[in-house]
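The following exercises concern a single protein model.

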Amino acid sequence: MSTANTILADLAQSPPLETRTVAAENWLKRSGQFWYLIALVGQIAFVAFIVIYYGTRTFSGDFEAWNDKPLIVGHVDGDNMGNFMFITHVFGATIISLGGMLQLLPFIRRQMPALHRWIGRSFMVMALLMATGGIMMTWLRGEVENLAGAVAITIDGLLILLFAITAWRLAAKHQIDKHRRWAMRTFMVANGVWFLRLMVMAWSITTGGWGMDGGLSAPAFIVMQFACYLAPLAILELYFSAQGSSSAMKMRLVAGVVVGSTLFMAIGVFGAQFFMWGPFYL
């Protein structure tokens, strides 16, 4: 009898189930907002690098200076089509970055639907062009040192094509909830190159570069070439699953995963800005 009374007393002191669920939903929502804030800072830093570094060299006609940044072969003498594809790919990243971030804002979707549609169309078209161009540069231009890297880029490109086309078709059918999810999946895989840079820097800072000996053929780097789009996609799927769940525990756990991954991303943003992008601003 005393045990039953104790259980009843504990239940009486605990918040109602509905209250706990609402609190967990708030945790999940706040984790998503935290991710967006850090991602926005990182995307702005990335776009600033593109505009300042590649923009100044392109509009001054100094195309060979695209190669000043290590590890990237931008300009190849006599390869006019390849050079055009490269710079289109580079500047297209600005639309993928900032356009994608604007598309994620509920305010834009609700209060400016026409703007949302036009940004969305621009994002999808550029994603399709960049995916196709990335695959072509990988196999025709030899932009990647090893087969694993080429396969990773190709899979990412194919996922971009699949997700973007699906999101576009769902929007045309006015299946907005499904469209929103596929558009967010497209955003994750379309930003694989950006995520890769953050992963490399965060991994280097937190582990001292463990497994990175050997440059682009290093084991850790090869893994990250796949993880740069599969990991964000997996976390997004967890977030979707938690949004549709009635379990407060699941929502809190997923919120913890989102916050943890965002902190790792924040380290990557810091590292990329100070060691990868910042030194090439001028």
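The model is predicted: local features need pLDDT of at least 70, side-chain atom pairs count only at pLDDT 80 or more, and totals for chains, interfaces and linings use all residues. Residues are numbered from 1 along each chain as its sequence is written, and side-chain values use heavy atoms, with hydrogens and water left out.

**Exercise 1.** Determine where Gly92 lies and whether Gly92 is buried or exposed.

*Solution.* Step one: Gly92 belongs to helix α3, residues 80–103; helices are DSSP runs of H or I with at least four residues, numbered from the N terminus. Step two: Gly92 has 2% relative accessibility and therefore counts as buried, since buried means under 20% relative accessible area, exposed over 50%, and partly exposed in between (1.4 Å probe, protein chains only). Step three: apart from neighbours within four places in sequence, Gly92 is in contact with Met126 and Met130, where contact means heavy atoms within 4.5 Å. Step four: Ser122 is 30 residues from Gly92 in sequence, yet their C-alpha atoms are 9.8 Å apart.

**Exercise 2.** Identify the residue whose side chain forms a polar contact with that of Ser97.

*Solution.* Step one: Ser97 is placed in helix α3, and its relative accessible area of 1% makes Ser97 buried. Step two: the side chains of Ser97 and Gln43 are joined by a polar contact of 2.8 Å. Such a contact is a pair of N or O atoms within 3.5 Å; within protein, one must be able to donate a hydrogen and the other to accept it, and residues adjacent in sequence count only if both atoms are side-chain atoms. Step three: beyond neighbours within four places in sequence, Ser97 also has Phe46, Val47, Phe187 and Asn191 among its contacts.

**Exercise 3.** State which residues touch the most other members of the largest nonpolar core.

*Solution.* Step one: a nonpolar core is a set of buried Ala, Val, Leu, Ile, Met, Phe, Trp, Tyr and Cys residues joined through side-chain atoms within 4.5 Å. Step two: the largest has 66 residues, and Trp35, Trp194, Met265 and Trp277 touch the most other members. Step three: α2 gives the largest share, 12 residues. Step four: Met265 touches residues including Trp35, Ile38 and Trp194, not counting those up to four places away in sequence.

**Exercise 4.** Decide whether Leu140 is buried or exposed.

*Solution.* Step one: Leu140 is found in helix α5. Step two: at 70% relative accessibility, Leu140 counts as exposed.

Conventions:
Helices (H or I, at least four residues) and strands (E, at least two) are DSSP runs, numbered from the N terminus.
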